[in-house]
Amino acid sequence: MELVQHNKSFDGEQRIYKIHSTSLNSETKFGVFLPKQALSGQECPALFFLAGLTCNEETFAIKAHAQKIAAQLGIILITPDTSPKGEQVAQGDHWDIGQGAGFYINAIQQPWASHYQMETFIIDELYSLVCEQFLVQNDRIGIFGHSMGGHGALILAFKYPDQFKSVSAFAPICAPSQCPWGEKAFSHYLGDDQQVWLTHDATALIRKKGKLFTDILIDQGLNDQFYAQLHPNAFEEACLAVDQKITLREHEGYDHGYYFIQTFIEDHLHFHNQQLNAIIA
C-alpha cells in the first residue's frame with residue numbers, strides 16, 4: 001500500500017493510496033479521509049462512497065466538501081476508483097462503458113472479465129484492507145454513492161447487509177435493467193440474460209430480499225438532466241411493497257452534479273451517523 005498523496009484537512013488528513021489489486025488484476029487507487037480522532041488512535045465508524053461515471057478516487061474528496069462534517073462526527077471516508085484503469089485494461093468506445101464505468105459489478109463477459117471485478121474488489125479486498133490498516137469500527141460501516149455509484153451503493157448494501165449497516169444515495173440509477181446506461185453496461189459486462197441483470201438491479205433486489213434497513217435516504221434533483229435514466233419512483237414503490245422505509249427527497253431546481261451533492265452532503269453524513277450510532281445505543 002503506497003501513500004501517493006496526503007493533505008491536512010480540518011485537523012484530519014486526506015490521503016490517496018495506490019495498491020495492486022488481485023481482483024482487478026491491475027494497480028488501483030483509493031482515497032481515505034482520516035479525522036483527527038482516527039489519527040489520535042480512536043476507532044471510528046467509516047463510510048464507503050462510490051462515485052459516478054467518469055469519476056475517480058479523488059472526485060468526491062475534492063468536490064463534495066464532506067471532510068468538515070466527517071471531521072466533526074469522527075467518520076472515516078473511503079473513496080475507491082470507479083473502475084480498473086491502465087493500458088492493459090479493456091476500454092469501451094464511449095464514456096459510459098469501460099474505464100470510468102465499472103458499475104460496481106463483476107463482469108462475466110470478455111474482454112471485461114479479466115479486470116472488471118469491482119464487486120469483489122470492494123467487498124472482499126478493499127473492505128478487508130481498510131479494516132486492517134485503519135482504526136475502523138468493523139460493525140459501524142455504511143455505504144453511499146452518486147449516480148452509477150448510487151446504484152453500486154444500493155446493490156452492495158442489499159447483497160452484503162452484514163458488512164454495511166447503513167445506506168444512502170444521491171441520484172442513483174435505481175433500475176439499471178430498465179435504462180440505457182444499465183442496458184449498455186449489463187449487456188457488455190454480463191451478456192444478454194436479463195435474469196442475470198436483475199441480480200444487480202436495486203429495484204429488483206429489494207423486492208426479492210425485503211426489508212433490510214431501518215431507513216434508506218435518497219436525494220434526487222428534479223432538474224436532473226439524467227432523470228429519465230434513474231427511476232427513483234420505481235424504487236420507492238418497490239421499497240413500500242416490502243415495508244422497507246425509504247426517505248426519498250426530490251428537490252426543485254437541482255441537477256445531477258456536485259453542487260447538488262454539496263448542498264445535501266451534511267444531511268447524508270448525519271443520517272449515517274444516526275444509523276450507525278443506533279447499533280451501539
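Biologist: Why are α8 and α10 called roughly parallel to each other?

Modeller: The axes of α8 (residues 202-209) and α10 (residues 232-241) cross at roughly 5°. Angles under 35 degrees count as roughly parallel, over 145 as roughly antiparallel, 65 to 115 as roughly perpendicular and the rest as oblique. So α8 and α10 are roughly parallel. Their axes come within 9 Å. This is a predicted model: local features need pLDDT of at least 70, side-chain atom pairs 80 or more, while totals for chains, interfaces and linings use all residues. Numbering starts from 1 along each chain as its sequence is written, and side-chain values use heavy atoms, without hydrogens and water.

Biologist: What makes the contact between α8 and α10?

Modeller: Contact means heavy atoms within 4.5 Å. From α8 come Ala202, Thr203, Ile206 and Arg207; α10 brings Ala234, Phe235, Glu237, Ala238, Cys239 and Ala241.

Biologist: Why is strand β8 called largely enclosed by the rest of the structure?

Modeller: Buried means under 20% relative accessible area, exposed over 50%, partly exposed in between (1.4 Å probe, protein chains only). Six of the six residues of β8 (residues 216-221) are buried, so the strand is largely enclosed. Ile216, Ile218 and Gln220 point one way, and Leu217, Asp219 and Gly221 the other.

Biologist: How do you know which strands pair with β8?

Modeller: Two strands pair if DSSP finds at least two bridges between them. β7 (residues 167-170) and β8 have three, in the parallel sense. β8 and β9 (residues 246-251) have six, also in the parallel sense. Ile216 stands opposite Ile246 in β9.

Technical notes: Axes are lines fitted to C-alpha atoms, for helices over the stretch in contact, and angles run from 0 to 180 degrees between N-to-C directions. Helices (H or I, at least four residues) and strands (E, at least two) are DSSP runs, numbered from the N terminus.
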